[in-house]
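Hi everyone, thanks for coming. Let's take a look at this one together and talk about some aromatic rings and a bit of surface.

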Amino acid sequence: MAIKITPTKANLIKAKSRMSFSVKGYDLLDKKRTILIQEIMQLVKEAELIENEINQKFQEAYKALQQVCISMGLNHLEEFALSINSEMPFEIRIKGVMGVDIPEVVYTEKYEKSLPYGFYENNPALDIAIKKFNDVKFLSYQLAQVETTAYKLSLEIRKTQKSANALDKIQIPRLKDEIKYIQDTIEEKEREEFFRLKKVKNRR
């Protein structure tokens with residue numbers, strides 16, 4: 001591809017300046033990409049731990065629920081379930097991490113101290129089951145936050161990779177060619193001017 005630029009020293013300075021800026025930009029993008037990948041790997045490990053804990057809590061909760069069904073009966077249990085208070089509210093807050101909007105689930109992790117059906121006195125298994133299912137709920141909040149964060153960061157990695165590739169494969173090679181072309185042309189003109197002056201001097 002033909003290089004369309006006037007081979008002057010001013011353009012050489014500009015090209016070198018753009019080259020320096022592009023190289024620094026690529027280095028920064030490469031470091032950002034590395035940090036984001038490390039962060040995602042950490043999030044994957046965290047998600048696996050939470051998933052394992054959720055599975056364990058679910059197993060414990062269902063075992064407790066089976067005990068409740070045996071001791072209370074399904075119909076009686078449904079009546080107690082209907083008296084449980086509605087879900088506690090939570091909100092989604094956005095925070096910025098390396099230019100990425102990351103969602104954060106904001107909630108209060110607390111358990112009812114006094115419930116309308118008085119299960120503390122009547123059936124400890126129901127107490128355990130509700131506690132375990134509440135644990136699962138709060139862990140699910142955490143898992144949703146971790147997985148969404150990992151997804152957001154993966155999109156940013158893709159975007160960063162695309163920008164880094166554009167600099168590494170297109171912008172920087174093009175500027176290298178421009179700099180070489182300008183330097184070669186200027187040097188050739190200087191040699192021609194040197195020989196021209198030398199001939200004029202010899203004639204004199």
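This is a predicted model: local features need pLDDT of at least 70, side-chain atom pairs count only at pLDDT 80 or more; totals for chains, interfaces and linings use all residues.

Residues are numbered from 1 along each chain as its sequence is written, and side-chain values use heavy atoms, leaving out hydrogens and water.

How many aromatic pairs does the structure hold? Four, where rings of Phe, Tyr and Trp (its six-membered ring) pair if their centres lie within 6.5 Å, and planes under 30 degrees apart are stacked, over 60 edge-to-face and the rest tilted. One of them is Phe58 with Phe133, edge-to-face at 6.2 Å centre to centre and 70° between the planes. That pair links distant parts of the chain, 75 residues apart: Phe58 in helix H1 (residues 9–72) and Phe133 in helix H4 (residues 124–203). Helices here are DSSP runs of H or I, at least four residues, and strands are runs of E, at least two, numbered from the N terminus.

Phe133 is partly exposed too, at 27%. Its ring centre is 5.4 Å from that of Tyr62, with the planes at 85°, so this pair is edge-to-face. Tyr62 lies in helix H1 and Phe133 in helix H4, so the pair ties together parts 71 residues apart in sequence. Ring pairs link Phe58, Tyr62 and Phe133 into a cluster.

Key: Buried means under 20% relative accessible area, exposed over 50%, partly exposed in between (1.4 Å probe, protein chains only).
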